[in-house]
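This report describes a protein from its overall build down to single residues. Please look at the sequence and the structure before reading on.

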Amino acid sequence: MNIKMIPTLIIAGTHSGCGKTTISSALMAALVKRGFVVQPYKIGPDFIDPSHHTAICKRNSRNLDPYMMGEDGVRQTFINASSGADIAIIEGVMGMYDGLEGEDTGSTAHVAKILNAPVILVIDAKGSSRSVNAVARGFASFDRDVNIAGVMFNRVGSSKHSEMIKASLEIQASGFIPNQKEKSVKSRHLGLEMAHETSAMAEFAEILEENADIDGLIQIAEFYAKIENTHFKDPKINKIFTEEKNSAKEEVTIAIAYDRAFNFYYQDNFDRLKKYGAKLIFFSPIDDSLPDADAFYFGGGYPELHMEKLESSKCTTQIKIAANQDKVIYAECGGLTYLCRKITSDRKTFRMAGILPADVVKMDRFQALGYVSAKCTAKNCILDHNICYNGHEFHYTKLDCDRDVKFALELSRGKGIDNGKDGIYQNNLLAGYTHAYFTDNFSKNLVEKIRIVKNNP
């Protein structure tokens, strides 16, 4: 059984900061304006760039990460999420060939080969002219299995600068984008501003329309979509695509913290929880009371930027009551810090939920950054003993834990809370720094535990 690919473009970069996020988002906005249904994707574990994609395309942006998901998982997510779309735009990660431990794994090039999709390479042309074509040639010849179908030259200084580049083109030019420093999105710890804080990405679409060959980009995507794609013939993959939701068991309700403070989630995690019988509702720990639910999921985000409001919110008091009633609570990174006794940031300290035996301090530089491989070693946790999964960690905070704290997770890769130990657990609560990519086993296990707790109060 063959699976037809929709027209697809991967926007890659020579390095981080070359402008691929802005150009990817602007291209999505330009296509939406033309009436296309655009399915956005982000390579890697990032949460911030997908927030801009989702706001622009009005379709949930999906992460494509071979380390966390596996190659089959990348194909599965891509095919499932692309259903009903006219075109897929995939934003790359870091430099195109930058993967795990200096290898190919997890790189933009790796995903391009998994999907057999064409790449548009973004090159920062500031401060050079003819040399950028040498860069383009080098990238094109480094791995012949990657199809670099066009080059977008970013931060071009003038029309004369463009002509100097055109004089020695190596690869078809898809655009010459002028330097627009005043339209850049502001950065802070953990990355760029979120989509709800700025509309600069979408506003760049007009500049892209004026300086890029949008029609040509569409033609490239359509041309490669017509080529037979043997990457999707594996019957094992097709079987995964057709898995049906397990609806035989009683539905449970999971309330998910989603607001200005908590907004780092993988959309695939939501889908897998629903697949195994969870009804998801969303609430704001800043503005709302704690909703009536069977379990609570606090993702990552920026609680340290909203400490005063969180300290005084009804939810902060109510979640501790829920924990004392042995409700199932799962938390990651920012959610972990929120469940601790207090957070200190910029010499200001605020009381948090006070459920976990630890205090939090925000540091001046990141404390951990990278992929995580976790195994549950606890025997009385909300996850089964020996369950394994992958994820990612990136945080500027550190925990000062009491001596009697219990850790459920051992990390074969990653730092966690304490040198390879992660996941503080007590009663029906599990909270760690790892942003987990939920496997089917993880999701089924967690939902079943919630169901058991619900029926045995």
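What does the accessible surface of the protein come to, and what percentage of it belongs to carbon and sulfur atoms? The surface comes to about 19,600 Å², and carbon and sulfur atoms hold 46% of it. The model is predicted.

## Overall build

The protein has 15 helices and 25 strands. Its C-alpha atoms fill a box of roughly 70 × 55 × 40 Å along the principal axes. For 457 residues, a compact globule would have a radius of gyration near 23 Å; the protein has 23 Å, so the two agree.

Of the 457 residues, 58% count as buried. Among contacts with a separation of 6 or more, 72% are between residues 24 or more positions apart in the protein.

## Helix α4

Helix α4 covers residues 108-115, and seven of these eight residues are buried, so the helix is largely enclosed by the rest of the structure. The buried residues are T108, A109, H110, V111, A112, I114 and L115.

What covers the buried residues of α4? The cover includes the strands β1 (8-13), β2 (38-43), β3 (62-64), β4 (87-91) and β5 (119-124), along with helix α3 (66-82). After α4 comes N116, which has a positive phi, near 55°.

## Residue S82 in helix α3

Helix α3 is part of the cover over α4, and S82 is found in α3. Is S82 buried or exposed? Residues under 20% relative accessible area count as buried. S82 has a relative accessibility of 5%, so this residue counts as buried.

Leaving aside residues up to four places away in sequence, S82 touches I6, Q39, Y41, R59 and A88.

## Cavities

How many cavities of 30 Å³ or more are there? The count comes to three. The second largest cavity holds about 60 Å³ of space.

Which residues line the second largest cavity? The lining is made of Y330, A331, E332, Y389, L409, G423, L430, A431, G432, T434 and A436. Two elements give two or more residues to this lining: β15 (328-332) and β24 (429-432). By type, the lining residues of the second largest cavity divide into seven nonpolar, three polar and one charged.

Terms used: Residues numbered from 1 in each chain as written. Predicted model: local features only at pLDDT ≥ 70, side-chain atom pairs only at ≥ 80, totals over all residues. Heavy atoms only, no water. 1 Å grid on protein atoms, 1.4 Å probe; cavity = no way out; pocket = protein on both sides within 12 Å on 5 of 7 lines; lining within 4 Å. Points joined across faces, edges and corners; volume = space filled by probe spheres on them. Helix = DSSP H or I, 4+ residues; strand = E, 2+ residues; numbered from the N terminus. Nonpolar A, V, L, I, M, F, W, Y, C, P; charged D, E, K, R; others polar. Buried < 20%, exposed > 50% of the residue type's maximum accessible area, 1.4 Å probe, protein only. Contact = heavy atoms within 4.5 Å. Rg over C-alpha atoms; globule rule 2.2 N^0.38 Å. Areas by Shrake-Rupley, 256 points an atom, 1.4 Å probe, with all protein chains shown as cover.
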